[in-house]
Amino acid sequence: MPITPLASRPHDHSHCVHSALSEADAICARQGLRLTALRRRVLELVWQSHKPLGAYDILAVLSEQDGRRAAPPTVYRALDFLLDNGLVHRISSLNAFVGCNHPGHAHQGQFLICRECHAAIELEQTSISDAIIHSASDVGFVVEGQTVEVVGLCAGCQGA
Ligand SMILES: [Zn+2]
Ligand SMILES: [Zn+2]
Ligand SMILES: [Zn+2]
């Protein structure tokens, strides 16, 4: 039986948000990084579900809920900070961001993206990234980064 990940079954998502934020606090404290109120709030918004969120959605929520007229460049810089420090991943095919499930160490992003509910399930399989590096080196290519995005139907959406 496959294990149904949290992202595609009902669960108390406030736990995900809470642990993501406290993990971010710990990582930033350990590395001497400044998790400003805005950066933390943007991370919280990215974590509002397991569905990747676009920068404009983040801006919209900031102005609606927080009454904060954050300028787009400010939000983009906050997202860059979160990306650079491995707290979120960018999903190119959706032009959106999703919280990292296992921040705090370097890894390549591998995502299963459900075309129905749009949840992004993060895998962390070094065998996949190693296979990509080896296949690339066979054609003389040096891999500097990789984000694998796979489209399909998650366990929760298959029966529906
Ligand atoms: Zn959750
Ligand atoms: Zn990750
Ligand atoms: Zn789904």
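In the predicted model, helix α2 and helix α4 (residues 72-84) pack with their axes 9 Å apart, at an angle of about 75 degrees. Helices are DSSP runs of H or I of at least four residues, numbered from the N terminus; axes are lines fitted to C-alpha atoms over the stretch in contact, with angles running from 0 to 180 degrees between N-to-C directions. The two helices α2 and α4 are therefore roughly perpendicular to each other, a term covering 65 to 115 degrees. Contact (heavy atoms within 4.5 Å) joins L38, R39, V42, L43 and V46 of α2 to T74, A78, L79, F81 and L82 of α4. These residues comprise 8 nonpolar, 1 polar and 1 charged, where Ala, Val, Leu, Ile, Met, Phe, Trp, Tyr, Cys and Pro count as nonpolar, Asp, Glu, Lys and Arg as charged, and the others, Gly among them, as polar.

The charged end of R39 sits over the ring of F81, 3.9 Å from the ring centre; this assignment requires CZ of Arg or NZ of Lys within 6 Å of the centre and within 35 degrees of the ring normal.

Helix α2 (residues 37-46) also meets helix α3 (residues 55-65), their axes coming within 10 Å and crossing at roughly 115 degrees. Helices α2 and α3 are therefore roughly perpendicular to each other. On the α2 side, the contact is made by L38, R41, V42, L45 and V46, and on the α3 side by I58, V61, L62 and Q65. By class, 7 nonpolar, 1 polar and 1 charged residues take part in the contact of α2 with α3.

Residues are numbered from 1 along each chain as its sequence is written, and chains are lettered from A and ligands numbered from 1 in the order in which they are written. Local features need pLDDT of at least 70, side-chain atom pairs count only at pLDDT 80 or more, and totals for chains, interfaces and linings use all residues, while side-chain values use heavy atoms, with hydrogens and water left out.

Notes:
Angles under 35 degrees count as roughly parallel, over 145 as roughly antiparallel, 65 to 115 as roughly perpendicular and the rest as oblique.
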